[in-house]
Amino acid sequence: MEELFLLSFLIPLIGALLLFKLDGKRADYFMLITVILATILNLVGVYEFYSTGMPSIHKVLVSFGSFGEVYGLLIDPMSVCVGLVVITAGLLFMLYAKDYMSPDNKEHPVYEGKGRFYAWMVLFIGATLAFIYSSSVLQLLIFFELMSLACWGVVSYYGTNKAKRAAYKALIVTNFGAMIGLYTAVGIGLIKLHDLSLFAYSSLDDHFKLIVFIAVMIAAFTKSAQFPLYSWLPDAMVAPTPASAFLHGAAMVEMGVFLLARFIQSMHPIPREGFYIMAALIIATQIICILMYPLQRGAKKLLAYSTIAESGLMYVALAVAVLGLQGGLKASMFQLFNHAYIKGLAFLTAGAFSYALGTLDMDKIRGLIKAPVVGYGWTFALLGLAGIPPFGVFFGKLGILSNAQAMRESALIIAMFVLLLIDSAVFLMVSLKRIHDMVFSGGDAKVEITPLMKAVMIILLVLAIIAPYIAYPLILKVGW
């Protein structure tokens, strides 16, 4: 089982290096073989994990003197659950990219250089999976930085001045988070513990636990674009849309949540002071997103603020976990899984606007009902993100609110829960207005996309509905 998960990220990491030298159809075929093979290995690993009773497996691969554990694998319900959504969503986004990155794209026609885009994306997938299965803080740091590098590669892909500025902004902000957060955690591990294993951090006293928690929270919040360092994410929407879908739905942003969840799980219990700092930043993030929704004209910018808010909701659940409620840890991972597919559908539908219409300006798009897959895809994606059943985000938000007993612990939990409901209501109102104007109003939007692109969108729609049923058995096993 361990070898299956190990190969599922080693193959993309190696394959990405070769893709930099390929282009055209050769790049298409090599990319698809690499990602499909990684997906198959991961799925077989998930099956083996499930059939053996979902044990937690910690395998040390490299240890060294005062560093303790340097490299290892941590295969448990949390990593398997998150790894599953990353690799399946990643495969679908890459299938879509095969046709999206073409000369037929009206906004961004691509005549050459597909291999370079594929290379950065496959590297992104491999680094994300490696990050998820890491069992040492040094590994987390290395793959955290590798994800930031891949993000820079995809955001800067089109080569415009705007793309370059956005790419360097994303790289600098997330690297700042790594330097403050993970370098601090590594330093404390070396000096105080002489061990970099995640499991060693539970033996820290409360003073150093608080330092590590706050430091890692800064790293996580920069990755997830939370207040105050959130503006890099809307700017990063200049990336090709399949990259945006992965960045928002299954990689960069969600990995900030996963990182903090790992440390909360490993260091439990967390000193209560950490909760107050975390709650203040989450509340500020929620308020900003609520105010920004009605102001957005670009489809991807609207989805970007939705992602910031949805990550904030995952952090609300983690704030509950900091107070000692195991249900918060489960709810955060459940929401992460449920959010990925519906957000991917939303971005790939926006990609259809770019591909077929040459614009993402929602004020200029009308009559999508005449292109049913795109029109209904946009409708269901927005409604799903607002938390309307039967889509998984509804059950994810319900899972967060099911920890209502945490409201007895602090009024800040009440505030975060209220803002969760307000955020959903405001996003729903904005979505209904956009759906009315873009889908069901008069107009003749000729949105012609390829059969493969349509098929991927339909699969994502189905997965967005059944996601809770896939994740639930694994989520039940998530705990301290």
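A salt bridge here is a side-chain nitrogen of Lys or Arg within 4 Å of a carboxyl oxygen of Asp or Glu. The views below come from a predicted model, in which the count by this rule comes to 11 salt bridges.

**View 1. Arg-297, Asp-361, Asp-363 and Arg-434 are linked in a network of salt bridges.** Between Asp-361 and Arg-297, the closest N and O atoms are 2.5 Å apart. Asp-361 counts as buried because its relative accessibility is 14%, under the 20% cut-off. Arg-297, at 46%, is partly exposed, and Asp-363, at 35%, is partly exposed.

**View 2. Lys-114 and Asp-28 form a salt bridge (2.9 Å, N to O).** The pair links distant parts of the chain, 86 residues apart: Lys-114 belongs to helix α4 (residues 114-132) and Asp-28 to helix α2 (residues 24-51). Lys-114 is buried at 11% relative accessibility, and Asp-28 is buried at 5%.

**View 3. Ser-311 is buried in the model, with a relative accessible area of 0%.** Ser-311 is part of helix α12 (residues 299-322). Apart from neighbours within four places in sequence, Ser-311 is in contact with Ser-224, Gln-226, Val-253 and Val-257. Helix α10 spans residues 252-267, and 16 of its 16 residues are buried. From first C-alpha to last, α10 reaches 23 Å, close to the 22 Å expected.

**View 4. Helix α5 covers residues 137-155.** Its 19 residues reach 27 Å from first C-alpha to last, close to the 27 Å expected at 1.5 Å a residue. Because 14 of the 19 residues are buried, α5 is largely enclosed by the rest of the structure. For residues 134-419, an unreviewed UniProt entry lists "domain: NADH:quinone oxidoreductase/Mrp antiporter transmembrane". Over residues 134-419 the chain is 73% helix and 0% strand.

**View 5. A nonpolar patch on the surface is formed by Ile-458, Val-462, Ile-465, Ile-466, Tyr-469 and Ile-470.** Together these residues have about 510 Å² of accessible area. Ile-465 lies in helix α17 (residues 451-476) and, at 30% relative accessibility, counts as partly exposed.

Methods:
Residues are numbered from 1 along each chain as its sequence is written. This is a predicted model: local features need pLDDT of at least 70, side-chain atom pairs count only at pLDDT 80 or more; totals for chains, interfaces and linings use all residues. Side-chain values use heavy atoms; hydrogens and water are left out. UniProt positions are given in the numbering used here, feature names are shortened, and annotations may be inferred rather than shown by experiment. Helices (H or I, at least four residues) and strands (E, at least two) are DSSP runs, numbered from the N terminus. The expected span of a helix is 1.5 Å times one less than its number of residues. Buried means under 20% relative accessible area, exposed over 50%, partly exposed in between (1.4 Å probe, protein chains only). Patches are made of residues with over 30% relative accessible area and no salt bridge: like charges are joined within 9 Å, nonpolar side chains (Val, Leu, Ile, Met, Phe, Trp, Tyr) within 5 Å. Accessible areas come from the Shrake-Rupley method with a 1.4 Å probe; for residues, only the protein chains shown count as cover. Contact means heavy atoms within 4.5 Å.
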